Amino acid sequence: MGVNSYNITAADKERFDQDGYWISPKLLDDETIERLRGAHERIWKKDYDGAGMPLHDFKLPDNPFALRKFDNGWWINDEVHSVVTDMNLGKMAAELLNEDEIRLWHDQVIYKPGTSGQETNAGNVGWHQDYGYWRASSTLNMITVWIALQDTDLNNGGMMTILGSHKWGSIEGSDTFFEQDMTKLKQRFATREWVEEPCILKAGQASFHHALTFHGSSTNLTDQPRLSVVAHLMPGDASYKEGRARHDNVRLLGPRPQFGQKFDNEFFPLLYSK
Ligand SMILES: O=C(O)CCC(=O)C(=O)O
């Protein structure tokens, strides 16, 4: 159980810097993929590991085609814990971001049902920037690792990124994950060259995207769900930034957090230190 090690090359880094995302080689072996698929099954049945409480409760949506998303799976699931805190993920993130230390910001366990060909928006993830949600963090230099638990392409609702959009800066109102009208969002955000790049992944591969890279995903037209585990990572010295935006992570700093306080307690495990 774990993530294979991989040394980021100069070409990988160049690709990430230019495009705002990079696709890794296969990082998980088949047994780990199976265990994470099992983790999904257990999480959706509320079968939790350990004696702790989940970050949030949930009810499975009435609409069978709606996206399911669970945050901080690592708190209550051993397999998710082991993968999203793996040193090798942290090292790749550190090399792509040019940072010395990497911590976990939070994770997500995402399940997109298959619609067997029915056109519906219920499983869509609207075009958004992750940093649109993360303005409470002092740094833009954060990264998302989206790990595929089956072969993934546009047919089963795979992610698309907008090439080079991480160079556009932090766009006002880009916290639009839950808006499902992709056309309307494109009209709003496509004020510059808008090139949609599909993230085509084999099971066990991951896509690493910058916190400012616009991305989203559409319908899973197959008859199988699209499963993924996602690690959102930050530099070791990220701290609470004063501003308008709030984030659930701020509560994890304690009852009276201070602006400038580092997100460096046990809720934000250190994955890697150079
Ligand atoms: O699962 C998806 O389609 C999108 C997930 C996402 O927005 C993310 O991992 O940052």
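The legends below describe close-up views of a predicted model. Residues are numbered from 1 along each chain as its sequence is written, and side-chain values use heavy atoms, with hydrogens and water left out. Because this is a predicted model, local features need pLDDT of at least 70 and side-chain atom pairs count only at pLDDT 80 or more, whereas totals for chains, interfaces and linings use all residues.

**View 1. The shell of residues around the ligand.** The ligand is surrounded by 14 residues, a residue being near a molecule if one of its heavy atoms lies within 4 Å of it. The closest are His128, Trp146, His215, Ser217 and Arg226. By class, the shell holds six nonpolar, six polar and two charged residues. In this classification, Ala, Val, Leu, Ile, Met, Phe, Trp, Tyr, Cys and Pro count as nonpolar, Asp, Glu, Lys and Arg as charged, and the others, Gly among them, as polar.

**View 2. Oxygen atoms of the ligand and the side chains of Arg226, Trp146 and Asp130.** An N or O atom in the side chain of Arg226 is 2.7 Å from an oxygen atom of the ligand. For Trp146, the distance from a side-chain N or O atom to a ligand oxygen is 2.9 Å, and for Asp130 it is 3.2 Å. A polar contact is a pair of N or O atoms within 3.5 Å; within protein, one must be able to donate a hydrogen and the other to accept it, and residues adjacent in sequence count only if both atoms are side-chain atoms. Taken alone, the ligand exposes 290 Å², and the protein buries 100% of that area. Accessible areas come from the Shrake-Rupley method with a 1.4 Å probe, and for residues only the protein chains shown count as cover.

View 3. The ligand sits in the largest pocket. A pocket is an open set of points, on a 1 Å grid over the protein atoms alone, where a 1.4 Å probe fits, with protein on both sides within 12 Å along at least five of seven lines; lining residues have an atom within 4 Å of a point. A molecule sits in a pocket if more than half of its atoms lie within 2 Å of its grid points. Two or more residues of the shell come from each of strand S4 (125-128), strand S5 (143-148), strand S9 (215-217) and strand S10 (226-235). The largest share, three residues, is given by S10. Helices (H or I, at least four residues) and strands (E, at least two) are DSSP runs, numbered from the N terminus.

View 4. Nine of the eleven residues of H4 are buried, so the helix is largely enclosed by the rest of the structure. Buried means under 20% relative accessible area, exposed over 50%, and partly exposed in between (1.4 Å probe, protein chains only). The buried residues of H4 are Asn88, Leu89, Gly90, Lys91, Met92, Ala93, Ala94, Leu96 and Leu97. Leu96 has a relative accessibility of 1%. At the start of H4, a side-chain oxygen of Asp86 comes within 2.7 Å of the backbone nitrogen of Asn88. Just after H4, Asn98 adopts a positive phi of about 60°.

**View 5. Asparagine residues in loops.** Asn72 occupies the loop between strand S2 (68-71) and helix H3 (78-84). Phi of Asn72 is near 55°, a positive value in a residue other than glycine, and Asn72 counts as buried because its relative accessibility is 2%. Asn98 lies in the loop between helix H4 (87-97) and strand S3 (101-112), and with 58% relative accessibility it counts as exposed. Asn265 belongs to the loop between helix H6 (248-251) and strand S11 (270-273). Asn265 is partly exposed, at 27% relative accessible area. The C-alpha atoms of Asn265 and Leu253, twelve residues apart along the chain, are separated by 7.5 Å.

View 6. From C-alpha to C-alpha, Leu96 and Gln129 are 18 Å apart in space and 33 residues apart in sequence. The C-alpha atoms of Ala136 and Asp237, 101 residues apart along the chain, are separated by 13 Å.
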